[in-house]
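User: I would like to go through the side-chain contacts of this model, one question at a time. Please end each reply on the value or name I ask for.

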Amino acid sequence: MDELILARSLFGTTMGFHIIFATLGVGIPLLSLISEITYQVTKDKHYAVMAQRWTKGFAVLLGVGIPTGTIAGVQLTLLWPGFMEVVGKVIALPFQIEIFAFLLEALFMSIYVYAQDRLSASMRIISLSLVTLGACASAVLITNVHAFEGTPAGFRIVNGEIVDIDPWAAFFNPSFFVTGGHVAVTAFMTGAFTIASIAAFKMLREKGLTNVYHFHRKALMLALITGGFFSLLTALNGHDSAQLLHKYQPEKLAAAEGLFETQAYAPLAIGGYTDRESKEVKWGIEIPWLLSFLANNRFDEVVIGLNDYPEEEWPPLFVHTLFNAMVGIGFLLLGLSIIGFIWHDLMRKKSFPKWMMWLFIATGPLAMCGIEFGWIFACTGRQPWVIYRVMLTEDAVTKTGGIGSLFIMFGIVYLILLISVVLVLYYYFKRHPVSKEI
Ligand code: HEB
């Protein structure tokens with residue numbers, strides 16, 4: 001049992017670290033593409049500089065994304081041999097196709113970064129589009145294995161043997177599109193808000209409305225509007241994600257909402273925490289009927305509560321808090337981008353009050369918290385299963401032991417990677433200040 005907890009902690013740490021770079025690696029190319037297009041349309045040189053600078057930052061992040069992604073792959077085989085046996089036989093397609101998506105991304109990124117000034121305008125847009133497409137396809141393909149864990153399809157296990165294998169049915173498992181969509185739009189959203197944070201921070205440090213200030217102001221607005229747009233898509237698609245839980249993993253939805261009694265006209269609990277003793281959400285606000293409506297668009301929908309399951313099968317109850325935080329962050333960021341848009345574009349103000357700037361600075365870290373909370377919710381909320389209702393996590397884990405020392409070793413590796421990427425980015429952009437490039 002202890003080894004299981006260690007294995008989960010190690011793998012969770014690896015994924016929690018990798019996902020930061022993976023998310024930015026999907027989100028930032030889109031921002032570069034949008035600014036490159038804006039440059040072609042407006043001929044404002046600032047946007048060309050943004051596209052170049054962001055792509056260089058992206059190249060550095062990719063330099064960390066690749067090793068951490070490789071470590072994640074190795075750890076999958078080391079820590080979860082039981083799971084990887086099913087993956088190898090049933091759901092290997094996404095891993096195989098992903099190699100091509102990655103090649104596309106890496107190839108056109110190099111072309112854009114190293115040969116930018118020799119490329120025609122249309123070739124620059126094509127290169128950046130292919131980088132974005134490749135990055136996004138990689139993410140959707142890899143997370144399809146995660147989608148499969150929640151809604152497995154395309155095989156059966158009979159007496160411990162894997163039979164009736166249909167790789168395409170596994171590939172197009174019921175949550176493929178919705179999960180892939182959620183991962184893609186939240187990555188675009190997070191990439192955008194990360195840029196917004198940096199731009200807002202740089203604006204605060206400028207004295208007066210200098211040329212550099214206006215450069216960052218344009219970057220801020222481009223990022224806020226893109227981020228707001230994708231927050232809206234996240235909300236729409238998150239609604240579909242929740243409906244899938246209702247249909248396929250009802251106990252996860254029940255845990256997300258702290259619902260114990262199965263009922264029609266089920267209320268939605270916002271905030272607070274789930275108390276195991278009294279079987280209720282404490283300190284939360286209950287909105288009558290809303291959960292039933294969210295689950296299946298009708299108020300008399302019966303939503304299953306945790307009491308219908310034996311307690312050993314309950315997901316951890318803290319997921320209610322994570323789920324609320326994720327949803328809350330989504331709506332908060334949507335609100336902030338609307339405020340920014342009204343202030344800057346409708347009221348036509350070129351400078352922002354300080355409190356607003358600090359809120360904009362907070363958007364990037366908040367979005368990244370949303371990503372982390374979302375993953376922890378989705379993966380711990382599936383426990384005790386590694387493949388829902390097919391394989392227990394404790395049956396998938398390695399029997400070799402010695403995970404404790406691995407944990408320490410990888411911890412040191414991540415720390416070194418983190419420090420180096422921060423230093424590389426810091427010194428690169430310090431040596432190449434915006435003021436010189438514009
Ligand atoms: Fe999220 C997950 C919903 C927002 C990020 N999401 C998730 C889930 C759900 C949701 C239901 C689960 C799925 C499974 O498990 O299968 N969201 C939602 C909603 C909202 C949200 C409703 C509101 C709008 N998210 C959000 C945000 C973010 C996120 C904002 C960030 C930024 N999520 C996320 C992630 C995840 C999730 C990353 C993991 C993956 C999946 O999908 O699973």
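User: At what distance from the ring centre of Y39 does K43 lie?

Analyst: This is a predicted model, in which local features need pLDDT of at least 70, side-chain atom pairs count only at pLDDT 80 or more, and totals for chains, interfaces and linings use all residues. Residues are numbered from 1 along each chain as its sequence is written, and side-chain values use heavy atoms, with hydrogens and water left out. A charge sits over a ring if NZ of Lys or CZ of Arg is within 6 Å of the ring centre and within 35 degrees of the ring normal. K43 lies over the face of Y39, and its distance from the ring centre is 5.7 Å.

User: Which residue has K252 over its face?

Analyst: The distance from K252 to the ring centre is 6.0 Å. The ring belongs to F377.

User: Which residue forms a salt bridge with D44?

Analyst: A salt bridge is a side-chain nitrogen of Lys or Arg within 4 Å of a carboxyl oxygen of Asp or Glu. For D44, the closest N and O atoms of the pair are 2.8 Å apart. D44 sits in the loop between helix 1 (2–42) and helix 2 (45–79), and its partner, 174 residues apart, is in helix 8 (residues 211–248); helices (H or I, at least four residues) and strands (E, at least two) are DSSP runs numbered from the N terminus. The partner is K218.

User: Is K218 buried or exposed?

Analyst: Buried means under 20% relative accessible area, exposed over 50%, and partly exposed in between (1.4 Å probe, protein chains only). D44, at 21%, is partly exposed. K218 has 17% relative accessibility and therefore counts as buried.

User: Which residues are linked with E313 in a network of salt bridges?

Analyst: E313 forms a salt bridge with R389, with 3.1 Å between the closest N and O atoms. E313 lies in the loop between helix 10 (290–296) and helix 11 (319–346) and R389 in the loop between strand 7 (385–387) and strand 8 (391–392), so the pair ties together parts 76 residues apart in sequence. The network links E313 with E251 and R389.

User: What is the angle between the planes of Y428 and F429?

Analyst: Rings of Phe, Tyr and Trp (its six-membered ring) pair if their centres lie within 6.5 Å; planes under 30 degrees apart count as stacked, over 60 as edge-to-face and the rest as tilted. The search of the whole structure finds 22 aromatic pairs. One of them, W289 with F299, is tilted, at 5.5 Å centre to centre and 50° between the planes. Y428 and F429 are edge-to-face, 5.1 Å centre to centre, and the angle between their planes is 90°.
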